[in-house]
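Good morning, colleagues. I would ask you to look at the model on the screen while I take you through several of its residues and then its overall form.

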Amino acid sequence: MSTTYAGIDALLDDARSRLDRIAAARAFEEVRDGAILVDIRPAGQRAAEGHAHGALGTLVIERNVLEW
């Protein structure tokens, strides 16, 4: 059975409600324990704020790409 949404905003609100947002220290612990870190920030934000260390094996998929 598929869900019908009143529009794209409702669909995105529903999708975002199921995301777990965690702090950086917790993310490190999760990666150490086998999780995959996905950086969803746009390129400009990553350039301004810095990238996750390469040893973490971070997968970069910008949020707008991930959502669609």
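Glu62 is partly exposed, with a relative accessible area of 27%; the term covers values between buried, under 20%, and exposed, over 50%, with a 1.4 Å probe and protein chains only. Glu62 sits in the loop between β2 (59–60) and α4 (63–67). Helices here are DSSP runs of H or I with at least four residues, strands are runs of E with at least two, and both are numbered from the N terminus. This is a predicted model, in which local features need pLDDT of at least 70 and side-chain atom pairs count only at pLDDT 80 or more, while totals for chains, interfaces and linings use all residues. Residues are numbered from 1 along each chain as its sequence is written, and side-chain values use heavy atoms, with hydrogens and water left out.

Which residues does Glu62 contact, leaving aside neighbours within four places in sequence? They are Asp39, Ile40, Arg41, Pro42, Ala43 and Arg46, a contact being heavy atoms within 4.5 Å. Glu62 and Arg18, by comparison, are 44 residues apart along the chain, and their C-alpha atoms are separated by 18 Å.

Let me turn to two of those partners. Asp39 belongs to strand β1, residues 38–39, and is buried at a relative accessible area of 10%. Not counting residues up to four places away in sequence, Asp39 touches Arg46, Thr58, Leu59, Val60, Ile61 and Glu62. The side chain of Asp39 also makes a polar contact of 2.7 Å with the side chain of Arg41. A polar contact is a pair of N or O atoms within 3.5 Å; within protein, one must be able to donate a hydrogen and the other to accept it, and residues adjacent in sequence count only if both atoms are side-chain atoms.

Arg41 itself lies in the loop between β1 and α3 (43–49). Is Arg41 buried or exposed? With 19% relative accessibility, Arg41 counts as buried. A polar atom of the Arg41 side chain lies 2.8 Å from the backbone oxygen of Gly50. Beyond four places in sequence, Arg41 touches Arg46, Glu49, Gly50, His51 and Glu62.

Ser17 is in helix α1, residues 8–17, and counts as exposed at 54% relative accessibility. A polar atom of the Ser17 side chain is 2.6 Å from the backbone oxygen of Asp14. From Ser17 to Leu59 the distance is 22 Å, C-alpha to C-alpha, across 42 residues of sequence.

Finally, the protein as a whole. It has 4 helices and 2 strands, in the order α-α-β-α-β-α along the sequence. The radius of gyration, taken over C-alpha atoms, is 15 Å, whereas a compact globule of 68 residues would have one near 11 Å; the globule rule is 2.2 Å times the number of residues to the power 0.38. The C-alpha trace spans about 40 × 30 × 15 Å along its principal axes. Buried residues make up 9% of the 68 residues. Of the contacts between residues at least 6 apart in sequence, 19% join residues at least 24 apart.
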